[in-house]
Each structure stands twice: as C-alpha cells, then as structure tokens.
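I opened my notebook to look up some charged pairs. Here is what I was working from.

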Amino acid sequence: MSMIRVEKLSKAFGSLQVLKDVDLTVEKGERIVIIGGSGCGKSVFLRCMDFLEIPDEGAVFIGDDELTANQKDLNRIRRKVGMVFQGFHLFSHMNVLDNITLAPIKLLGLSREEAEKKAEALLKMVGLESKKYTMPDVLSGGQKQRIAIAGVIAMEPRCVVLDEPTAMLDPIGREEVIDTIQKLNREFGVTVVLITHHMDEAARADRLIVMDQGQVIADGAPR
C-alpha cells in the first residue's frame, strides 16, 4: 500500500487555476523532491495533501484513509503527515524542550515524563541535545529548523512534508537541515516529500517531480 496517493487533484483561486489534475503516488520510505518555478503550484499542492487548502476536485489518500471522504476524522488522518514550513513556528516564550513536548502531551496524551524522554532522544538525533533549555530566539536559523523537524517527528507521523525548509538559511544551516532530513529518511525510514529550489538537494532524491503551470510534467530519477 502506498503512503500517499493523490488522484486528479485540482485547485483554483477565483479565475486562477493553480492545480490541474495532478496525480502522485508516494511509497513508504521514499524521498521525493518537487521542483518548479515560483507560482507553479508546488506549495499549494503540498497544502492540499494535508487539507490546509481544500482541493476543488480529486482525491487524497493517506495510507488507506481518504482525506476527501473523511472530513469528520480529518485531525486523526492529518497526524499521519507532518508539515515543516519555511518559518520555524516555535513559541518564543517556551524553551526548546517545552516546544517539542507541547503537542505530544496535549494531543497524544503522553505524560510529561514520556514526552520529555522522547524529545531528548529527538534532540540527540538532530545534534542539539545541549539546547533543550534554550529559548528559541538565541538559536541560529538552522538550529531552529532542526528543532521544528524534531517537533514534527515527536508526533510520530508516517510521512514528513517540507516546503522549502532551507529557503531562509545560510549555507551552513542549510547543510545541517539537509543532513537531518537525510538521517530521518535513511536511518529511521521516514517518508519525505520536499520542495526545494536547490539542485544539490534535488540530486539526493529517490524521485524528482517537476511541476509547471499546476501540472506534473516530469517524474523520475534525478539523473
């Protein structure tokens, strides 16, 4: 069974047709990179995959659950897919540990002890175990993004979808985040769907998806 299956997805904003009959299948453990010019529909496509944008037509399946047919169960299905954006979305008034443990405690029902144990393991994975009591505002962009990724993984998603997570980072921070994403995929088996404008990131994918004018125009090995 595929991890994500998108069938004939279409989305318009008024007279602007952003997506046109887009199909995509993502298998478990794959690392897929989506590229294309600005305004081609990449970000809207990812947001439709998690119903942050509601598609006009088409179907989205996460495992054996169809998002388009299970609106009453939407939050449960959404938890299978973690979203990471360009912005870091960390609470500036909470330290790193509290940022990561908040959602597992509130939404998964973990005890504070369980959530902190998981958070500390994830911080070790992203190389930031020494920063657990640090406030986000004093961290670098690359550190913030790695913490944001750790926070998403703490919710135990089956797939992580990242919308240009390195867009606002310097070269060092960008490499740190890409290394983290590779570790998630290769060492922990997390399925990854990534939007980027950097060709060196695209070259590391299992599959490269090229979008233009709201459609997939190429799908294959990066080579």
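Is Glu 176 buried, partly exposed or exposed? I looked it up in this predicted model: Glu 176 has a relative accessible area of 28%, so I noted it as partly exposed.

Next I checked what Glu 176 pairs with. Its partner is Arg 146, and the closest N and O atoms of this salt bridge are 3.1 Å apart. The two sit in distant parts of the chain, 30 residues apart: Arg 146 belongs to helix α5 and Glu 176 to helix α6 (residues 171-188). Arg 146 has a relative accessible area of 9%, so I put it down as buried.

Then I went looking for other bridges. A search of the whole structure gave me 15 salt bridges.

One of them joins the side chains of Lys 80 and Asp 65, at 2.4 Å from N to O. Lys 80 lies in the loop between α2 (74-78) and β6 (81-84), while Asp 65 is in strand β5 (residues 65-66), 15 residues away. Both ends came out buried: Lys 80 is at 10% relative accessibility, and Asp 65 is at 12%. The cut-off I used for buried is under 20%.

I also wrote down Lys 118 and Glu 156, whose side chains meet in a salt bridge at 2.5 Å, N to O. This pair spans 38 residues, from helix α4 (residues 112-125) with Lys 118 to the loop between α5 (141-153) and β7 (159-163) with Glu 156. Glu 156 counts as exposed, because its relative accessibility is 55% and the limit is over 50%.

Definitions and conventions. Residues numbered from 1 in each chain as written. Predicted model: local features only at pLDDT ≥ 70, side-chain atom pairs only at ≥ 80, totals over all residues. Heavy atoms only, no water. Salt bridge = Lys/Arg side-chain N within 4 Å of Asp/Glu carboxyl O. Helix = DSSP H or I, 4+ residues; strand = E, 2+ residues; numbered from the N terminus. Buried < 20%, exposed > 50% of the residue type's maximum accessible area, 1.4 Å probe, protein only.
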